[in-house]
Structures are given as structure tokens and as C-alpha cells.
Amino acid sequence: MKIGIVCYPTYGGSGVVATELGMGLARKGHQIHFITYRQPARLTHFQQNLFYHEVSNADYPLFEYAPYDTALTSKIVDVVKYENLDLLHVHYAIPHATVAYLVKKILLTEGRYLPVVTTLHGTDITLVGQNKAFAPVVAFSINKSDGVTAVSEQLKQETLKAFPIHKEIKVIHNFIDFQRFKKSNKDHFKKAIAPNGEKILVHISNFRKVKRVQDVIYVFKKLYEKTPCKLLLIGDGPERQGLEELCRQVGLCHEIRFLGKQDAVEELLAIADLFIIPSENESFGLAALEAMACEVPVISSNAGGLPEVNIHGKTGFLADVGDVDAMARYAWEILSDEKTHKKFRQNALAQAKKFDIEHILPQYEAYYEFVLKSCVY
Ligand code: GMT
């Protein structure tokens with residue numbers, strides 16, 4: 001198949017999933033065309049069957065906000081016609097599902113039908129999507145897609161609750177590539193970060209409010225009272241400065257390291273003893289899955305789709321949003337006993353295997369076939 005993929009090219013989860021999906025499909029012989037405003041962060045090497053088309057926006061003095069949606073629409077129309085695409089798969093509803101609708105309408109005037117699949121990722125539904133500034137357009141655009149997928153059952157239910165959707169939503173969970181995410185020996189990193197064998201806790205996110213990174217620090221403080229440990233905070237975002245101040249307030253700057261955005265997160269996960277993700281809302285929690293694939297148990301909140309990934313009492317523990325006491329208790333329960341820790345590590349890996357790209361990719365391929373067959377022209 002010749003497939004166009006539209007996504008945000010950043011480090012965010014939806015861009016990562018879209019890029020990994022495209023790369024996986026290209027390995028299987030499909031021709032994949034990424035259409036974005038910048039080279040996707042994970043698209044770092046030349047690969048057979050993969051193409052990248054950059055959207056350039058027009059600068060004009062009248063525009064206070066240059067109309068990216070229009071530039072993206074024009075670019076997609078051009079790529080579809082020139083590359084003869086069979087299908088367009090857009091990730092994150094805003095504005096991609098809306099742009100896709102416009103693309104379809106333009107191509108129809110030329111007698112061509114382009115099937116569109118939209119994948120809902122999370123904040124496009126749970127946070128920003130429900131803002132009055134976007135909601136009617138989001139609902140309309142989802143309903144106009146030929147196929148709609150959601151990355152968790154919970155996100156599907158939340159979408160149906162929040163919007164008047166009459167389109168069937170297919171759940172296709174996020175996935176993990178075990179070629180890349182697996183436990184490896186990085187003892188030299190471990191020695192550098194925890195020279196006295198301290199336990200290492202890791203959190204990875206975009207440091208937005210919704211991630212509640214302050215809870216990670218509170219949990220860490222409580223754990224530190226019981227055992228020597230280190231905390232690695234990976235990623236960057238709007239909350240970072242406040243978090244650095246919080247570290248100073250709790251007097252733990254020497255034990256907490258802000259590592260910024262990292263490409264090879266699997267190398268840091270290789271030395272982690274525990275992963276923490278206390279989000280207010282999380283449609284899936286790809287970062288937790290990446291940790292589990294590297295045999296790292298997870299302490300998470302029970303928000304959104306996290307219970308579909310992290311299994312309470314098996315791969316880690318779940319607690320109510322903001323319940324840092326429970327999270328710290330659970331962290332200690334896992335880390336205080338070697339045998340328990342090992343069991344949780346094994347369970348985390350076994351659970352991650354359910355989301356192996358090898359199982360999930362064929363679900364997307366089958367869904368594309370289904371959409372192509374069932375399109376009403
Ligand atoms: O987590 C973020 O803020 C980034 C966001 C995105 O759209 O890039 O992530 C969402 O999509 C990921 C991939 O499907 C999911 O794993 C994340 O759980 C989801 N984030 C939220 O729901 C907050």
C-alpha cells in the first residue's frame with residue numbers, strides 16, 4: 001500500500017507512535033510518506049520505502065498566525081496526487097482530521113476518493129479537544145473520517161462520552177519495538193549515577209501540568225527517607241523551572257538529575273529500578289510501556305488508559321491521582337525486597353510483550369484493508 005502519514009514531528013507520544021508505525025510498515029514493504037512541518041524526531045536514518053515531505057508555511061505580513069492548516073492541506077493534496085497514495089492516516093485529531101476532510105473534498109472535485117484513518121491519541125480528546133474553541137470541529141472531523149482508531153479502550157469511551165460520535169471507533173493499542181527497547185548492560189552508567197548501589201527511579205515526560213511531575217518528587221522524597229536512591233527526570237517542558245525550585249525546597253537537588261530530552265531513553269531505562277508516571281490524565285502511557293519492555297516495574301496513577309498497561313500488583317502498582325503516600329508505599333514494597341523486585345521486573349516484561357509491534361502492526365494493516373473495502377465513494 002502507499003500510505004501518507006500526518007503527525008506532529010516532536011518527541012510527544014503521538015508523533016513517536018506515528019513514526020514507529022510508518023517505519024514498521026515500510027519494513028513490511030509498504031510505501032510510507034510522512035507529511036509534517038519538520039522531520040519527525042525518531043526518523044533519523046535512511047530507510048527503504050520511507051519518504052518525508054516537508055510542509056512549508058507561507059509568511060505574509062497580514063498573517064498574525066500563518067495558516068498552517070491551509071499549507072498542510074495543499075501539501076497533502078500535492079503528495080497524494082503525485083505519489084498516488086491509497087490512504088491517508090492522520091495522528092492526533094487537531095487539526096489533522098479536519099485538514100484530512102478538506103483534502104478529501106478537494107480531491108473529490110477531481111473525481112478521486114481518498115480514504116482517511118484518524119488515530120485519537122489522548123489530549124486531542126481529553127484536554128484541548130474539549131475546549132469550546134475546538135470541540136464542534138473535532139466531533140465533525142472524527143465523524144467524517146473513514147476509519148477512527150483510539151490507543152486505548154478508555155480513550156474510546158471518553159471520546160464517545162465527550163462528543164456526539166456516530167462513527168465506530170476501533171481500539172488499537174500502542175506498541176513497542178523490542179529490537180530497540182530491551183534490557184541491556186549499562187553498568188558503567190549505573191556506576192556513574194548511583195556509585196553506592198542506590199536505587200534509581202526514572203520519570204520521562206514532556207513536563208506539562210497534566211503529568212504531575214511534582215508528585216514524582218514527593219514520592220521520591222518519601223522513598224529517600226527509607227533508602228538511599230537517585231531520581232532521573234528525563235524530558236523537558238513548561239513545568240521544568242518550578243520543578244527545579246521544588247527540588248531545592250525539599251533539599252534533594254544532589255540526588256535528582258534533570259537530563260533534558262534524550263534520544264536513547266532505552267539506555268537510561270536499562271539502569272532503572274522503578275518508573276513513575278503519576279499523570280492526572282494519560283490515554284495510554286507509552287513511556288510506561290517503554291519502561292516495562294526494559295524490565296522496569298511501574299508506579300502510576302490509575303488515570304485514563306494506564307490500567308490497560310500497568311497491572312496493579314503484577315507489573316507495578318496504581319494509586320489515585322495525587323496519592324503520593326500510596327505511591328511511595330508501593331515503591332518501597334517493590335524495592336525493599338530483591339525477590340519481589342525481580343518478580344515485578346519479569347511481569348513487566350511479560351505484559352509489555354502483549355504490545356509487541358509484531359502483534360499490533362498487522363492490526364493496523366487489517367484495519368486499512370477494511371477501511372479501503374468499506375469506503376462509500
Ligand atoms: O503525553 C503527552 O502529552 C503527549 C501526547 C501526544 O499526543 O503526543 O501523548 C498522548 O499520546 C500518546 C501516544 O498515543 C499516549 O501514550 C499518551 O498517553 C497520550 N498523553 C495523554 O493522554 C496525556
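Where is Pro95 found? Pro95 is in helix H3, which covers residues 93-108. The peptide bond between Ile94 and Pro95 is cis, with omega at about -10°. The structure described here is a predicted model, and the values below are computed from it.

## Ligand site

The ligand is surrounded by 19 residues, and the closest of them are Ser14, His121, Asn206, Lys211 and Glu282. Sorted by class, this shell holds five nonpolar, 11 polar and three charged residues. Helix H1, residues 13-27, supplies the largest share of the shell, namely three residues. Two domains take part: domain 1 (2-175 + 356-374) and domain 2 (187-355) each give at least three residues to the shell around the ligand.

| Residue | Protein atom | Ligand atom | Distance |
|---|---|---|---|
| Glu282 | N or O atom in the side chain | oxygen | 2.5 Å |
| Asn174 | polar side-chain atom | oxygen | 2.8 Å |
| Phe284 | backbone N or O atom | oxygen | 3.1 Å |

The ligand taken alone exposes 480 Å², and the protein buries 95% of that area.

Ser56 belongs to the loop that runs between strand S3 (50-54) and helix H2 (68-83). Ser56 has a relative accessibility of 60%, so it counts as exposed.

## Cysteines

How many disulfides does the structure hold? The number is zero. Cys229 is in no disulfide, and the nearest cysteine sulfur, which belongs to Cys247, is 13 Å away. A disulfide requires two cysteine sulfur atoms within 2.5 Å of each other. Cys229 has a relative accessible area of 1% and is therefore buried. Cys7 is also buried, because its relative accessible area is 1%, and the cut-off for a buried residue is under 20%.

Helix H11 spans residues 286-293 and is mostly covered, with eight of its eight residues buried. The buried residues in H11 are Leu286, Ala287, Ala288, Leu289, Glu290, Ala291, Met292 and Ala293.

Just after H11 comes Glu295, with a positive phi of about 65°. Glu295 is a residue other than glycine, and its place is in the loop between H11 and strand S12 (298-301). Is Glu295 buried or partly exposed? Glu295 counts as partly exposed because its relative accessibility is 24%, and the range for that class starts where buried, under 20%, ends.

Asn49 is another residue other than glycine with a positive phi, near 75°. Asn49 sits in the loop between strand S2 (31-36) and S3. With a relative accessible area of 25%, Asn49 is partly exposed.

## Two buried positions

Asn310 lies in the loop that connects helix H12 (306-309) and strand S13 (316-319). Why does Asn310 count as buried? Asn310 counts as buried because its relative accessibility is 0%. The side chain of Asn310 reaches the backbone oxygen of Val298 at a distance of 3.2 Å.

Met327 is placed in helix H13, which covers residues 324-335. Met327 has a relative accessibility of 0%, so it is buried. Between Met327 and Pro278 there are 49 residues of separation along the chain, and their C-alpha atoms are 8.5 Å apart.

How values were computed
Residues are numbered from 1 along each chain as its sequence is written. This is a predicted model: local features need pLDDT of at least 70, side-chain atom pairs count only at pLDDT 80 or more; totals for chains, interfaces and linings use all residues. Side-chain values use heavy atoms; hydrogens and water are left out. A residue is near a molecule or strand if one of its heavy atoms lies within 4 Å of it. A polar contact is a pair of N or O atoms within 3.5 Å; within protein, one must be able to donate a hydrogen and the other to accept it, and residues adjacent in sequence count only if both atoms are side-chain atoms. Accessible areas come from the Shrake-Rupley method with a 1.4 Å probe; for residues, only the protein chains shown count as cover. Helices (H or I, at least four residues) and strands (E, at least two) are DSSP runs, numbered from the N terminus. Ala, Val, Leu, Ile, Met, Phe, Trp, Tyr, Cys and Pro count as nonpolar, Asp, Glu, Lys and Arg as charged, and the others, Gly among them, as polar. Domain bounds come from an automatic or database domain assignment. Buried means under 20% relative accessible area, exposed over 50%, partly exposed in between (1.4 Å probe, protein chains only).
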